[in-house]
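Work through the exercises below with the structure in view. Try each task before reading its solution.

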Amino acid sequence: HLYLTGPVGSGKTTLLRVIEIDLRADESNQVFFTYAPRYLRSSHSFLKRLCKEMDIKTERSYVDMLDNFEREIGVWKANNQTPVLLIDEAHKLTAPAFDFLHHVMNFVTAQQLLLGVVLAGQETLAQKNQRRPEVSSRMQAISLSSLTLADAVELVTWRWRVASIQQNNPLPFNQEALHEMHKQALGLPRDLCSLAHRALQFAYTQ
């Protein structure tokens, strides 16, 4: 289990989607991607959301629905498959949701996890985890930082190459412009890409 944190625009969702693609390449994985909405205020509503995402039958009773959930985990185990739950915007998770995640993180055998959990969210996710040692002690922490100037140049160059009809199309930004964009965007990928795009639009109109 792991949780990924970083500031807005640092690429958490993009990285989570890359993880999803890599995991799906292994047929022994059952990968489920969902978002954590604010309105799920109980373990029952959170479990119901997960069951719908994982195509598990829902029930009016929390106990019955939990039985269905655990039974399906057992079926996957019997078929040598491991479900992996990817939850984006996880800083929105409420206390009951964390209680439920603590429960499912205990689904293990002597050899393996029966269910993997990956959370991604803003920095407040780390604070929520730290207040729950029973959860944080079971998870590895990953933190995204801002891009270095070299990383920013590589990102802009790559996106320009993908967008170009000709692969040798020269980059329209000189080193001074790249340095200034990195500075103004504070190294955040989303802001950097947005700034580069607007710069090209303004250059075109002028």
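This is a predicted model: local features need pLDDT of at least 70, side-chain atom pairs count only at pLDDT 80 or more; totals for chains, interfaces and linings use all residues.

**Exercise 1.** Determine how the axes of helix α7 and helix α8 are oriented to each other.

Solution. Start with the positions: α7 spans residues 149-163 and α8 spans residues 175-184. Their axes come within 10 Å and cross at roughly 110°. Angles of 65 to 115 degrees count as roughly perpendicular, and α7 and α8 are therefore roughly perpendicular to each other. The crossing is right-handed. On the α7 side, the contact is made by L149, A152, V153 and V156, and on the α8 side by L178, H179 and H182. Sorted by class, this contact has five nonpolar, two polar and no charged residues.

**Exercise 2.** Describe the lining of the largest pocket.

Solution. The pocket has a volume of about 480 Å³. Of its 20 lining residues, S10, G11, K12, T14 and P189 lie nearest the centre. Next, look at the elements: α1 (12-24), α7 and α9 (189-205) each supply at least two lining residues. Of the elements, α1 gives the most, with four residues. The classes are seven nonpolar, eight polar and five charged.

**Exercise 3.** How many cavities of 30 Å³ or more does a search of the whole structure find?

Solution. The search finds one. P37, L40, F46, K92, L93, T94 and A97 line the largest cavity.

Conventions: Residues are numbered from 1 along each chain as its sequence is written. Side-chain values use heavy atoms; hydrogens and water are left out. On a 1 Å grid over the protein atoms alone, a cavity is a set of points where a 1.4 Å probe fits but cannot get out, and a pocket is an open set with protein on both sides within 12 Å along at least five of seven lines; lining residues have an atom within 4 Å of a point. Grid points are joined across faces, edges and corners, and a volume is the space filled by probe spheres set on the points. Axes are lines fitted to C-alpha atoms, for helices over the stretch in contact, and angles run from 0 to 180 degrees between N-to-C directions. Angles under 35 degrees count as roughly parallel, over 145 as roughly antiparallel, 65 to 115 as roughly perpendicular and the rest as oblique. A crossing is left-handed if the near helix is turned anticlockwise from the far one by less than a right angle, and right-handed if clockwise. Contact means heavy atoms within 4.5 Å. Ala, Val, Leu, Ile, Met, Phe, Trp, Tyr, Cys and Pro count as nonpolar, Asp, Glu, Lys and Arg as charged, and the others, Gly among them, as polar.
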